[in-house]
Amino acid sequence: VTVSVLYWLSMSETRPEPLQWLLLSQNIGTIECTGDEVSEENKTLTTKWIDSVRQHILDEEQRAGAPIDIVVLHLQEVGGKKFNKAFNQHLEKVVHLCTPYKNGWCSGPIMPDSDDGVTFTAMATVFFVGPRVWEGCSVLSFRHRVFIALSDNPVQWVGSRRALFHGSKFSAAGSSRKGYLITALRVGNQTFNFVNVHLFHDADNSVAAKESPSEYAVKRVEALNEIAAELAVVAAPEDPLFIFGDFNFRLDIGRVVKALEQQFDQKITLGKKKVSAPDAAWKYLQDPTNWEELRTYDTEGPAAMRSLRERSALSMAEPHRGFGPTYLRETDAELVEKNATTTGDHRAVFKRDRFPAWCDRVWINTSASQHAQSLSYWTAGLHEMDHQPVQLRFTTVVP
């Protein structure tokens, strides 16, 4: 199934302005579901989240001064920490409400529909393609190795959304859900590749502090190179590539502990999932005026990029990141009010189980950096969960 070239020729005559893109990513594990039915509480929380996504798209359209043509939404921990069929079905029914478009195309949640122990990663990718462009777009069926025009109803054509992604758990994932999900959208004659990623977390604070890089950081680098090996098979290196999601990158914890102990002259102790530090240290970590200094301990991302270049010949970069740590955000309203540090328009309260970290990010390859213009990389104003969502808004010229 091919996309009509005549369609894009007519588009170039009637609408010369560039396409507006919005990439969004959020770990929604705060909506923890168990059992065979979705609780009313979780339905309410999901509705609030959906409303916030819809409103955020409208807000971004105002900021851009033009309609958003394509939204790519990456979700991690869909349904919580275990496979939950009831929540996945509920999400499929309601996710289309995220979009403000009256017409256009919504892919629904592209994700594994069962827990086979290999491919289920609790991740989902959702495409919202606006009415101005959807007739000129197609999505890749990895199973059939063909792009299917959105106007041909790709999900019905392939029989299952499972055909619209390539991905699985990482080889070292064990019983966890950590993995990746690759999708591809063709706009005119240009293919755009997307990788939804959820890398390994720091299972134990004290273990993470012993070495630099930590054993968890090493596992994350191996996982990224595993993704690169898969991309070499399913994606052309000359096409734009966007990797975004929950990288789970952490600060160099050993160095952070030493620096804080010297600064505040108090002992900091680390439990498996607990950080015992003085209130003054947490006030320091929460204050946006200190985040630039905190970035000096944020070394895992550049090291991972170097490894990808050297081992997999994959060159990735991150747009300038001006926002604060996205993890681990406090969601209890009373604790937020009690412990908040407010400076200008910034407000952040972190749970004291982990040190703050920039877990959630967007990476782009060289081709993407050449195609994407007017980049806006920031946190997104979606319903607050323990991970603050991130976004990349940009424009591309119609191919």
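Which hand does the crossing of H2 and H3 have? I looked this up in a predicted model, in which local features need pLDDT of at least 70, side-chain atom pairs count only at pLDDT 80 or more, and totals for chains, interfaces and linings use all residues. Residues are numbered from 1 along each chain as its sequence is written, and side-chain values use heavy atoms, with hydrogens and water left out.

**Entry 1: H2 and H3.** I found the crossing of H2 and H3 to be right-handed, that is, the near helix is turned clockwise from the far one by less than a right angle. I took helices as DSSP runs (H or I, at least four residues) and strands likewise (E, at least two), numbered from the N terminus. The axes of H2 and H3 lie 12 Å apart at an angle of about 35°; axes are lines fitted to C-alpha atoms, for helices over the stretch in contact, and angles run from 0 to 180 degrees between N-to-C directions. For contact I required heavy atoms within 4.5 Å. On this basis Lys 43, Thr 46, Trp 49 and Ile 50 of H2 meet Phe 87, His 90, Leu 91 and Val 94 of H3. I noted 5 nonpolar, 2 polar and 1 charged residues there (Ala, Val, Leu, Ile, Met, Phe, Trp, Tyr, Cys and Pro count as nonpolar, Asp, Glu, Lys and Arg as charged, and the others, Gly among them, as polar).

**Entry 2: Burial in H3.** I listed Ala 86, Phe 87, Asn 88, His 90, Leu 91 and Val 94 as buried in H3 (residues 85-94); buried means under 20% relative accessible area with a 1.4 Å probe, protein chains only. Their cover includes helix H2 (40-64) and strand E2 (70-76).

**Entry 3: H6 and H10.** I found that the axes of H6 (residues 215-234) and H10 (residues 300-312) come within 10 Å and cross at roughly 40°. The crossing is right-handed. I recorded 6 nonpolar, 3 polar and 4 charged residues in the contact of H6 with H10.

**Entry 4: Nonpolar cores.** I then examined the largest nonpolar core, of 57 residues, where Trp 21, Leu 23, Phe 194, Phe 242 and Phe 355 touch the most other members. A nonpolar core is a set of buried Ala, Val, Leu, Ile, Met, Phe, Trp, Tyr and Cys residues joined through side-chain atoms within 4.5 Å. Apart from this core lies another, of 32 residues, including Ile 57 and Ala 380.

Conventions:
Buried < 20%, exposed > 50% of the residue type's maximum accessible area, 1.4 Å probe, protein only.
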